[in-house]
Amino acid sequence: MIAIQNLTKRFGSLVALDSLTLEIGPGEIFGFIGPNGAGKSTTMKVLACLLKQDSGEAFVCGKNTRKDADSIRRLVGYMPDFLGVYDDLTVDEYLQFFAAAFSVPRSRRRSVIDQVLELTDLTEKKHAMVDSLSRGMQQRLGVARVLIHEPQVLLLDEPASGLDPRARIEMRSLLIELRKMGKSLMVSSHILSELAEMCTSIGIVERGKLLYAGSIKDAYARVRSAALDVGDGSASGVPRERIVVVLHRASAPIETIAGSLRTDSRIASVTVDSPASLLIDLHLSEADGHAFVAELLIAGGARIHSIAPAEINLEDAFLKLTTGAIH
Ligand SMILES: Nc1ncnc2c1ncn2[C@@H]1O[C@H](COP(=O)(O)OP(=O)(O)OP(=O)(O)O)[C@@H](O)[C@H]1O
Ligand SMILES: [Mg+2]
């Protein structure tokens with residue numbers, strides 16, 4: 001659906017896209033992730049034929065953005081990061097305007113608009129003024145607008161930005177619904193966890209370069225090893241799991257308990273986190289790990305309050321991924 005090959009875009013001396021290469025298959029929800037200024041919006045604008053690259057190629061449904069801009073504009077629904085404000089239009093008038101702009105035949109306009117209003121849950125707001133809508137409704141109206149000409153491919157630039165948790169969930173279900181309707185989606189965000197539940201694949205971009213493309217599962221695996229690879233400098237690459245053990249009252253000093261755990265070959269490292277808690281990195285999965293760590297501790301006379309997987313700080317891990325610390 002989308003193919004980007006060595007795409008480069010400069011603004012003066014600034015290299016916004018640096019030989020970016022990326023592919024998105026049909027029926028995907030592709031999450032495009034990266035910090036501010038990474039090049040997400042620039043990439044989407046090139047794909048929407050609103051910006052010309054300096055070199056490289058971009059294709060949508062096999063059509064080249066340099067040569068087939070007119071057909072691409074019909075195939076693509078592009079929602080920019082900032083929606084224009086139309087303060088003197090109702091929701092219905094706003095959509096009528098875009099239907100006319102996209103040359104939707106007059107006879108079909110009413111039914112198409114009613115369908116997208118229904119889909120985006122805005123039917124009740126049909127006669128409301130656009131500027132009276134809440135932020136979440138305005139974002140949904142933005143999606144409604146890009147659906148008017150029934151595009152195959154949607155390029156949505158941060159559709160969930162500024163939304164509260166409920167509105168985010170609603171936006172997510174809407175995007176999943178659109179995928180079910182057979183559309184391919186490219187959705188940008190800063191936040192890995194926001195995309196995790198709906199994307200079929202993701203790409204992480206920073207300073208115009210692609211750092212990662214692939215499944216969420218593999219990204220999480222990298223993020224996990226990035227999160228674990230803190231402080232002790234031990235090599236990542238070996239799958240490891242971190243668990244947190246909190247003890248009630250140890251019969252032996254916590255350092256002694258830590259010391260005896262360290263002699264087990266299944267344990268990569270043990271850190272005394274507080275007088276009553278240990279951080280344990282295992283060479284195996286959590287599920288197996290919990291049982292044997294519990295056995296070792298009980299055998300050593302410790303009383304366990306809790307054993308749980310360590311929380312992964314996605315933000316920290318994401319920072320590591322996007323500063324080139326992990327490849
Ligand atoms: N029209 C422009 N003129 C000059 N520089 C630009 C222009 N558009 C983008 N840039 C620069 O290109 C780089 C990439 O910007 P872009 O908007 O693509 O990033 P982004 O990943 O979408 O960031 P954000 O998360 O903040 O939306 C930035 O350094 C930005 O300042
Ligand atoms: Mg942007």
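These exercises walk through a predicted model, each with a worked solution.

Residues are numbered from 1 along each chain as its sequence is written, while chains are lettered from A and ligands numbered from 1 in the order in which they are written. Because the model is predicted, local features need pLDDT of at least 70 and side-chain atom pairs count only at pLDDT 80 or more, whereas totals for chains, interfaces and linings use all residues.

**Exercise 1. The shell around the ligand**

Find which residues are closest to ligand 1, and which elements supply at least two residues of its shell.

Step 1. A residue is near a molecule or strand if its C-beta atom, placed from the backbone, lies within 6 Å of it. Helices (H or I, at least four residues) and strands (E, at least two) are DSSP runs, numbered from the N terminus.

Step 2. Look at the neighbours. Ligand 1 is surrounded by 13 residues. The closest are Phe-11, Ala-16, Asn-36, Ser-41 and Thr-42.

Step 3. Assign the elements. Strand S2 (14-24) and helix H1 (40-47) each give at least two residues to the shell. H1 has the largest share, 3 residues.

Step 4. Sort by class. Ala, Val, Leu, Ile, Met, Phe, Trp, Tyr, Cys and Pro count as nonpolar, Asp, Glu, Lys and Arg as charged, and the others, Gly among them, as polar. The shell around ligand 1 has 7 polar, 4 nonpolar and 2 charged residues.

**Exercise 2. Helix H1**

Decide whether H1 is largely enclosed, and name its buried residues.

Step 1. Set the cut-offs. A residue is buried if 20 or more other C-beta atoms lie within 10 Å of its own, exposed if 12 or fewer, and partly exposed in between; C-beta atoms are placed from the backbone.

Step 2. List the residues. Lys-40, Thr-42, Thr-43, Met-44, Val-46 and Leu-47 of H1 are buried.

Step 3. Conclude. Of the 8 residues of H1, 6 are buried, so the rest of the structure largely encloses this helix.

Step 4. Look past the end. Cys-49 follows H1 and has a positive phi, near 65°.

**Exercise 3. A helix pair**

State how H5 and H6 pack.

Step 1. Take the geometry. Helix H5 (residues 135-147) and helix H6 (residues 165-180) pack at about 15°, with axes 10 Å apart.

Step 2. Classify the angle. H5 is therefore roughly parallel to H6. Angles under 35 degrees count as roughly parallel, over 145 as roughly antiparallel, 65 to 115 as roughly perpendicular and the rest as oblique.

**Exercise 4. Positive phi**

Are Ser-19 and Glu-158 buried, exposed or partly exposed?

Step 1. Take Ser-19. Its phi is near 55°, a positive value in a residue other than glycine. Ser-19 lies in strand S2. With 14 other C-beta atoms within 10 Å, Ser-19 is partly exposed.

Step 2. Take Glu-158. Its phi is positive, about 50°, although Glu-158 is not a glycine. Glu-158 sits in the loop between strand S7 (153-156) and H6. With 22 other C-beta atoms within 10 Å, Glu-158 is buried.

Terms used: Axes fitted to C-alpha atoms, helices over the stretch in contact; angles between N-to-C directions.
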